[in-house]
There are 4 protein chains.
Amino acid sequence: MNLSGVYPALTTPFDRDGGVSLSDLKHNIRLYNATDLAGYVVLGSTGESVLLSHAEKESILELVRDAAGTEKRLIAGTGAESTGETIEQTKRAAEIGYHVALVKTPHYYKPSYKPHVLARHFRSVADASPIPVLLYSVPIFTGIALESAEVIALSEHPNVVGIKDSSGDVRRVAETIAGTPADFQVLVGAASTILSCFVLGAAGAILALASALPEKCVAVHQLFRQGQLEKARELQLKLVQASKVIVSEMGIAGLKCAMDLREYRGGAPRLPLLPLQEEQKKQLSGLLASLEPATARA
Amino acid sequence: MNLSGVYPALTTPFDRDGGVSLSDLKHNIRLYNATDLAGYVVLGSTGESVLLSHAEKESILELVRDAAGTEKRLIAGTGAESTGETIEQTKRAAEIGYHVALVKTPHYYKPSYKPHVLARHFRSVADASPIPVLLYSVPIFTGIALESAEVIALSEHPNVVGIKDSSGDVRRVAETIAGTPADFQVLVGAASTILSCFVLGAAGAILALASALPEKCVAVHQLFRQGQLEKARELQLKLVQASKVIVSEMGIAGLKCAMDLREYRGGAPRLPLLPLQEEQKKQLSGLLASLEPATARA
Amino acid sequence: MNLSGVYPALTTPFDRDGGVSLSDLKHNIRLYNATDLAGYVVLGSTGESVLLSHAEKESILELVRDAAGTEKRLIAGTGAESTGETIEQTKRAAEIGYHVALVKTPHYYKPSYKPHVLARHFRSVADASPIPVLLYSVPIFTGIALESAEVIALSEHPNVVGIKDSSGDVRRVAETIAGTPADFQVLVGAASTILSCFVLGAAGAILALASALPEKCVAVHQLFRQGQLEKARELQLKLVQASKVIVSEMGIAGLKCAMDLREYRGGAPRLPLLPLQEEQKKQLSGLLASLEPATARA
Amino acid sequence: MNLSGVYPALTTPFDRDGGVSLSDLKHNIRLYNATDLAGYVVLGSTGESVLLSHAEKESILELVRDAAGTEKRLIAGTGAESTGETIEQTKRAAEIGYHVALVKTPHYYKPSYKPHVLARHFRSVADASPIPVLLYSVPIFTGIALESAEVIALSEHPNVVGIKDSSGDVRRVAETIAGTPADFQVLVGAASTILSCFVLGAAGAILALASALPEKCVAVHQLFRQGQLEKARELQLKLVQASKVIVSEMGIAGLKCAMDLREYRGGAPRLPLLPLQEEQKKQLSGLLASLEPATARA
């Protein structure tokens, strides 16, 4: 299962009544289908999955499966706090037709989730899963990072095919690549560091920013693969500022607003998340405009 | 609504098949009914609530309501990640008969949960809740602490009656008490600091440790109220070590094992949490034995 | 060596040319001599000791020795980064006539300063010191906290008589008191938590705030010793806000300004520390005024 | 002033009596002179500068100046806690003949060292310095990181020519490069991330590891410059493990031992730092052996 390439962490659009808008989601997927995105990541952190009901999650998984281009890889976020529910959701995603399960660390009982506890959790899920498992470390939200030693140990499991490392810690990515087999795939989750990780051997990236700027995120990967380092560098440096403002500072509300300012359907996030204020929207609009020459060049 | 006194954060017993054991829970409540505990906190962090299904939560809420002594205050943990689901669970707890809703901070999207976002969330919940709301700050699990300035602002809401502060930060408790009205009730959630907080004016405590050692936790409060400071101090210093080992180091598995070593039914936690190892059980047994003379003296 | 009571962490006044003003320091000591302060702590963090030359430190140590009332305990900060220089400064302080050496943790090479390294450092200093040693843990500045287990181990050394714990972590203070012999003296360094620590058995306090508000800091200790808990509590809650604004938020510049607003000589701190801005001075002035009724009552 | 290339952060050898061994230092410099190292960094964190006396520092500065090959750039660590002493040491380094001053953040009074305070400190030093200033951010030791916004603002000062960023945070490096003029030079201080930073445009690196493995560290830079990305990547991944064990885990003692195991003179660190234990030496020896094939290939 070759996962190389760039994937958007899909957002979940809501309609005016606060329900999930499958039609807006379908609109976005159709546009994404026309790009070189390698596939889609559904129900990740960016998809506000922790704010969704079970029924909503099922309807989203089905919609994306139906709307996705046939060559796109389908990755479902299936990590829950309990091992049992994680296995259940993973099996369900496989039934629906997803190719890979993205399993985040459980995180609520942080002081108890020592490395051997997490290892046992991931092994149980990988044992039970009908589809390959991608580990998911996202300490900015969970407060727990999978350290390279833990990932290296888990990479020996035949059904653990890689990791999405959203820590933004390139040293950790380097240690992971240095210590895992060549077919263990590292996908990075921080847009500011993708070129730095590609040069180390990372297979690809799963990016919130790719929901708003899919072509630019894909272009960094393609330019790097083509050996056009200087162009890749210029584009990477532009994305650094975009990622900082849109994703790190403004969060999901910022990403959705950036989508609205382009041709996608972002909309408002679900409470307690709040939409951007007018002043922030203007800042965002100016930022997106400043990126345009780069598109032309890239 | 006077909440003063000591409350156990109830554990959730599981049977051999991994399901919730309502009969074991009933056993524990009956024993607790004979103590001076002021009431019960159901579905808190200690109750493994994030590992339970909706149906399991309902059955637990109903069982404790039925089994509790009539004079006991009933507090239900109702905080979910989304504002909407928190309101729904709060209304359901009120319907079932709970007196107070304990609402923890949402926490997954930490970088977005700035003070004004959290304030709006808690105000929405307090507006919609049929029963008084107790704020719940438990940074060791959530990675988010409610700062005293935020609590002071929220204390103006007529339906926010107090806070359970489990940060263990006595300075923050002091700032909160200094800045809130006299009828705003601070319940502390760290057994090592209860006497230090009672002397500042804290109304009481909600303690995991009180599920295993209810009499001792209650005794610190009673001795303090009776002006027996030196006896209170001696008992508090004993509980420091117990709290450190049982709760901080061994977590829910440790607490449940301590219950088993006394007359309560603890059992194993749910995966990914793991039960204690044999060596830890021995350490725990020795620790409990060392506490006994204190009981006699207190 | 009984160290119970309240000590100010002395500030270092500078003259207009930026040199140490021994005359201003003498002025302050004379005023302090008339209070119930138990003694003086010279060349602590509050004394800007890391910004002073060797010659300046010597002149300050001598001035305070000469100006102090005969019943006052004299404590000198002698901790340097290297073990050798710490021993040298400790011996020099003893020669000058200081009763106790306050030895902070070395801290620059944090990742290497594991517990056994710090233990060996403190043991070497205590072995070589002609005067009793007080451990000094001040993580807000050093980034290193002495944990209770380390303090308990060091308390066995006959020349280690206690600790100044400025972490503000009451749980750690409780663990330390619970685990050390009755004659091991814990002095706390965070004004917001002194009453909470006295009730656990702390011997006293070393406070920056006591340089500006010596009577109020002393009064909390005296009221507690006299069993006037409610009055002690009221005063403690007032000091919480003062400590937060003056010490935690405004730092040494705030403390020195508060001294200027009373009858002491504070002056400006040394660069890179900057003096308060006008707006901050007004805030400080209002805060001090709000404390006055408490003085009358206490 | 072109600073591109790789520099070792020099260690300070001590003789059996604990004094600085200038002859051992000279030995090392002679060997380094034969490599493609771009110059030397003297009195940095790796040089145990915080454990040295003024006289020792002067003698080291003079020795390295005399022993260095004429084409080597000379960089002196001159940052002290006070602005005044930093300026004094910077002027002295210039007099002795150093080309660049490496000025670390003051750090003791962390809560007071807000961005505008640090900015004023660095501007004062840059104004007064006869030689160009290199900012130095090393949060693992100081607890303070210079954020990219602060560096970008300081990059406008004509006498601030670059930064040594030892945070290991590639995102911060990317933001800094994206926001500063093309002639502002970023030297990275974490061996695990140099290739990742070179691809973003970093000018070079200042590395503790280069005191033990100068050829390998230089080779990563040279291979990258020659467009041999795959060879650079292989060598980088080897250095990741070496850097982790030798520098991050074993610290200065580990680095010095690695020097001893090659042809350099490392020796023991100064107290409170402790030398490696036998078991660690064996681990280190095995690690160094495992690197050898890479040398041949590179």
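Student: How many salt bridges are there between chain A and chain B?
Tutor: The count between chain A and chain B is 0 salt bridges. Keep in mind that this is a predicted model.

Student: OK. How many residue pairs are in polar contact across that interface of chain A and chain B?
Tutor: The rule finds 10 residue pairs in polar contact there, with both residues at pLDDT 80 or more.

Student: Which helices of chain A supply at least two residues each to the side that touches chain B?
Tutor: Helix H4 (115-128), helix H5 (139-142) and helix H11 (251-261) of chain A each do. H4(A) gives the most, with 4 residues.

Student: And how do the residues on that side of chain A divide into nonpolar, polar and charged?
Tutor: The side of chain A that touches chain B has 16 nonpolar, 10 polar and 7 charged residues.

Student: What area is buried between chain A and chain B?
Tutor: About 2900 Å² is buried between chain A and chain B, and carbon and sulfur atoms give 67% of that. A:Tyr108, A:Tyr109 and A:Pro272 supply 27% of the area that chain A buries against chain B, more than any other three residues. In terms of contacts, 33 residues of chain A meet 33 residues of chain B.

Student: What rotation superposes chain A on chain B?
Tutor: A rotation of 180°, with 0.0 Å of shift along its axis, superposes chain A on chain B at an RMSD of 0.0 Å. In chain A, the C-alpha nearest that axis belongs to A:Gly143, at 3.3 Å. The contact residues of chain A recur in chain B at 100%, and the same surface serves both copies.

Student: Why do the copies, chain C and chain B, meet through the same surface?
Tutor: Because 100% of the interface residues of chain C are also interface residues in chain B.

Student: How many residues does the contact take from chain C and from chain B?
Tutor: The contact takes 25 residues from chain C and 25 residues from chain B. Chain C and chain B bury about 2100 Å² between them, with 66% of it on carbon and sulfur atoms.

Student: How many salt bridges between chain C and chain B?
Tutor: The count there is 2 salt bridges. One of the salt bridges joins the side chains of C:Glu175 and B:Lys244, at 3.9 Å from N to O.

Student: And how many residue pairs in polar contact across the interface of chain C and chain B?
Tutor: The rule finds 3 residue pairs, both residues of each at pLDDT 80 or more. The elements of chain C that give two or more residues to the side touching chain B are helix H7 (170-179), helix H8 (194-198) and helix H10 (229-249). H10(C) gives the most to that side, with 7 residues. The residues on that side of chain C divide into 12 nonpolar, 9 polar and 4 charged.

Student: New topic, then. How many aromatic pairs over all chains?
Tutor: The count comes to 28 aromatic pairs over all chains. Among them is the pair of C:Tyr109 and D:Phe141, which is edge-to-face, with 5.3 Å centre to centre and 80° between the planes. That pair crosses between chains: C:Tyr109 is in the loop between strand E4 (100-104) and helix H4 (115-128) of chain C, and D:Phe141 is in helix H5 (residues 139-142) of chain D.

Student: Last one, on the backbone. Is the peptide bond from B:Leu271 to B:Pro272 cis or trans?
Tutor: The bond from B:Leu271 to B:Pro272 is cis, with omega near 15°. B:Pro272 is in the loop between helix H11 (251-261) and helix H12 (278-297) of chain B. A cis peptide bond also joins C:Leu271 and C:Pro272, with omega about 15°.

Student: What about the phi of B:Glu48?
Tutor: B:Glu48 is not a glycine, yet has a positive phi of about 55°. B:Glu48 is in the loop between strand E2 (39-42) and helix H2 (54-67) of chain B.

Note on methods: Residues are numbered from 1 along each chain as its sequence is written. Chains are lettered from A and ligands numbered from 1 in the order in which they are written. This is a predicted model: local features need pLDDT of at least 70, side-chain atom pairs count only at pLDDT 80 or more; totals for chains, interfaces and linings use all residues. Side-chain values use heavy atoms; hydrogens and water are left out. Contact means heavy atoms within 4.5 Å. Buried area is the accessible area (1.4 Å probe) that two parts lose on being put together, summed over both. A salt bridge is a side-chain nitrogen of Lys or Arg within 4 Å of a carboxyl oxygen of Asp or Glu. A polar contact is a pair of N or O atoms within 3.5 Å; within protein, one must be able to donate a hydrogen and the other to accept it, and residues adjacent in sequence count only if both atoms are side-chain atoms. Ala, Val, Leu, Ile, Met, Phe, Trp, Tyr, Cys and Pro count as nonpolar, Asp, Glu, Lys and Arg as charged, and the others, Gly among them, as polar. Copies are superposed by least squares on the C-alpha atoms of residues with pLDDT of at least 70 in both. Rings of Phe, Tyr and Trp (its six-membered ring) pair if their centres lie within 6.5 Å; planes under 30 degrees apart count as stacked, over 60 as edge-to-face and the rest as tilted.
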